Amino acid sequence: MTERTHKTVEQAEQEGKYIRKVRSFVKREGRLTNAQARALELHWQTMGLDHHKNVIDPSAVFNNDNPVVLEIGFGMGKSLVEMAKNAPELNFIGIEVHKPGVGACIALAQEEGIKNLRVYEHDAIEILADCIPDASITTVQLFFPDPWHKKKHHKRRIVSPEFVETIRQKLKIGGVFHMATDWENYAECMLEDMQASAGYKNLSENNDFVPRPDSRPLTKFENRGQRLGHGVWDLQFQRVD
């Protein structure tokens, strides 16, 4: 009889074994367009950040001490590039797991001449754990995350008490966690998790939701949703401890 041993995920993967991991997203890896592939090939060295290089020093990454905005799940990157263009006094770090979106973001940033943006192509949970220093971020943005609208799938939603505490640790004192969703149930769950978390202050005058700030661009889907009467809920919580 051979002895059975438990292996780490990393050891198993090195031996070519497939290990199922819990994720807060669905991997929808479409094919890269030529422009996306070219952007990744030509500009990753200047715009890309790698998970395996571990904890970053934002001042060294951007060669300045400007405040850092971190966006989780930027999609195809259009609004992230727009925000970076509109606020050159800020540094932006985007995290997106889908390669075509990362390629599209880099391509658009190059087209617009953006210098204050860097991106990760990796799982945000691991980037937060391994790469982002504590108390280093001025704003964390989470816009329209996967809603997992079926009740049996709610546990897959990225916003949870554990996630909220992780974000608090990454924010500077006075930094803001800004969320937005077009699913009312998710908005209510986000609000409940944030209100139950120590160390945060709700920036809403009514202790619930805030109006969309000008800093968050209105997406074409949100614009269309508003015409159809669909709601969008923004939350902003400030780290106070």
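Visitor: In what order do the eight strands sit in the open sheet?
Guide: The order is E1-E4-E3-E2-E5-E6-E8-E7, with mixed pairing. Two strands count as paired if DSSP finds at least two bridges between them. Helices (H or I, at least four residues) and strands (E, at least two) are DSSP runs, numbered from the N terminus. This is a predicted model: local features need pLDDT of at least 70, side-chain atom pairs count only at pLDDT 80 or more, and totals for chains, interfaces and linings use all residues. Residues are numbered from 1 along each chain as its sequence is written, and side-chain values use heavy atoms, with hydrogens and water left out.

Visitor: Which are the edge strands?
Guide: Strand E1 (48–49) and strand E7 (200–202). Each pairs on one side only.

Visitor: How many bridges join E5 to E6?
Guide: Six. E5 covers residues 137–143, E6 covers residues 171–181, and the two run parallel. Gln141 has His178 in E6 as its bridge partner.

Visitor: Which strands does helix H5 touch?
Guide: H5 (residues 99–112) packs on the sheet against strand E3 (91–96) and strand E4 (117–121). Contact means heavy atoms within 4.5 Å. The direction of H5 makes about 165° with that of E4. Axes are lines fitted to C-alpha atoms, for helices over the stretch in contact, and angles run from 0 to 180 degrees between N-to-C directions.

Visitor: And what does H8 touch?
Guide: Helix H8 (residues 184–195) packs on the sheet and touches E6, E7 and strand E8 (233–239). Its direction makes about 15° with that of E8.

Visitor: New topic. Where is Ser136 found?
Guide: In the loop between helix H6 (124–130) and E5.

Visitor: Is Ser136 buried or exposed?
Guide: Buried, because its relative accessible area is 11%. The cut-offs are under 20% for buried, over 50% for exposed, and partly exposed in between (1.4 Å probe, protein chains only).

Visitor: What does the side chain of Ser136 reach?
Guide: The backbone oxygen of Pro133, at 2.7 Å. Not counting residues up to four places away in sequence, Ser136 touches Val68, Lys170, Leu171 and Lys172.

Visitor: Lys170 again. What does the side chain of Lys170 meet in a salt bridge?
Guide: Asp134, at 2.8 Å, N to O. A salt bridge is a side-chain nitrogen of Lys or Arg within 4 Å of a carboxyl oxygen of Asp or Glu. The pair links distant parts of the chain, 36 residues apart. Asp134 is in the loop between H6 and E5, and Lys170 is in helix H7 (residues 161–170). Lys170 is buried at 7% relative accessible area, while Asp134 is partly exposed at 49%.

Visitor: How many salt bridges does the structure hold?
Guide: Seven. One of them joins Asp234 and Arg216 at 2.9 Å, N to O. Asp234 is in strand E8, and Arg216 is in the loop between E7 and helix H9 (220–227), 18 residues apart. Both Asp234 and Arg216 are buried.

Visitor: Which residues are linked with them in a network of salt bridges?
Guide: Glu222 joins Arg216 and Asp234 in that network.

Visitor: Last one. Which residues is Phe163 in contact with?
Guide: Ile72, Ile125, Leu128, Leu142, Ile158 and Phe177, leaving aside neighbours within four places in sequence. Phe163 lies in helix H7. Phe163 counts as buried because its relative accessible area is 4%.

Notes. Polar contact = N/O pair within 3.5 Å; in protein donor to acceptor, adjacent residues only side chain to side chain.
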